[in-house]
Amino acid sequence: MVKPWATFGVDLHLEPTGGGVRRGLTDALREAVRTGRLAPGTRLPSSRALAADLGIARNTVADAYADLVAEGWLTARQGSGTRVSERTVVLPTGAPPRPREPGRPTHNLVPGTPDLASFPRAQWLKAARRALATAPYQALDYGDPRGRIELRTALADYLSRARGVRADPERILVCAGFSHGLRLLGAVLRARGARAVAVESYGLDVHWNVLAAAGLRTVPLPFDERGTDPGELTDQAAVLLTPAHQFPMGGTLHRDRRAVVVEWARRTGGLVVEDDYDGEFRYDRQPVGALQGLDPDHVVHAGTASKSLAPGLRLGWLVLPPGLMEEVLTVKGGIDTCASLDQLTLAEFLVSGAYDRHVRAARLRYRRRRDALVAELSRRAPRVHATGIAAGLHVVLRLPPGTEQSALRAAAWQGLAVHGLHRYQHPEATVERRDALVVGYGTPPDHAWSGALEALCAVLPE
């Protein structure tokens, strides 16, 4: 009888049928190829290895292979072994068809990601090697649910120095990005009995959905030329803000309004969640200091490496007020959710100064792109007004009234991926309709930037 598993060379699960060993093996291999479990091009074990693994005669395997080669299911060439033939896979009856991938746009100006092609691979690899070489063996065990102490210490130093955050390693929690941190905070607020969280009229629906999933209603605050107005904060349990660089409108929360939101938190005991969205990238002056520095007892400072390095790292952090850590750890489940070696690598990247050097270089590169965009707009689309250009990785292009949808349709024809401002408006917000495009000029790699800029100008009203 043929054994159902082969593990020498490649792991191979067979489902032999009756009718003898040779026929059972032949039928099992044919069915694995026919249904796609053995993909075209897969190299099979040698007849000797497979025979030894299955506990049958080598000639039996060789004969089964020969039969399948003759039928066209397999190919056999001297020096390259036996492989699955290149052929169309016939799915079992009733199996759903594989979905087709939608066509990728020619140019991508969707906001939310940095230039991933400029990720500092060599420097990151160097930091990873050093971190792995010096890591204690305990680093490979289940970790502290707050995150590795090396990273929390490095973050406390960096955030204090560069962002004006009053941070202590014992009050920093490492999480898998901002959405993960917001989910933890939402669960804490709901456990406290909270019902509603105030948010900005413009923002990311993924964040509103995270709060809604926690059982919290999101209440949009008014928005005007000075940014979000916290004057209407009442009995909400918390408020979510992007004070350093509002997304997507691009402004900075006015200092008077920063004072108002802090005073509200002190008076009511409410929690301010500060999303430090691309706070490192300021072009007209030094980066604006973190709101948390005004009142670390009532403000949660949330940051990530998503814009400065890459979102795929899935590394973020919360700087929590005193007394909040235990509640967050309770809902987190007492486990570390980020890979220890990645945390150690980021810690090394920060301590060595490589992070600062990378941010400075990226800041210069993005500023040049912004300047090129503004110059081209003034030349080719003078009716389009660019706002939010003092910082960040995106710009808002204000369009003539009623032209946002037509611009988006023209962009689709040009193979240009770009978003309209309306998609970022909270469904309950009562704000004046603004027709605009939100353009992520940090997204394309360097070699694609000029083409993306040309495609953008082609869809804008002259």
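Which residues lie nearest the centre of the second largest pocket? They are F223, D224, E225, G227 and G251, out of 18 lining residues.

A word on the model: it is predicted, with local features needing pLDDT of at least 70 and side-chain atom pairs counting only at pLDDT 80 or more, while totals for chains, interfaces and linings use all residues. Residues are numbered from 1 along each chain as its sequence is written, and side-chain values use heavy atoms, leaving out hydrogens and water.

Here a pocket is an open set of points, on a 1 Å grid over the protein atoms alone, where a 1.4 Å probe fits, with protein on both sides within 12 Å along at least five of seven lines; lining residues have an atom within 4 Å of a point. A volume is the space filled by probe spheres set on the points, which are joined across faces, edges and corners.

| Pocket | Volume | Lining |
|---|---|---|
| Largest | about 560 Å³ | 34 residues |

In the largest pocket, G112, L204, H207, Y277 and K307 lie nearest the centre. Elements giving two or more residues to its lining are α5 (149-163), α6 (178-191), α7 (205-213) and β13 (299-304); β13 gives the largest share, four residues. Helices (H or I, at least four residues) and strands (E, at least two) are DSSP runs, numbered from the N terminus.

For the second largest pocket, β9 (223-224) and β10 (227-228) are the elements that give two or more residues.

Across the chain there are 13 helices and 19 strands, and the C-alpha trace spans about 85 × 55 × 45 Å along its principal axes.
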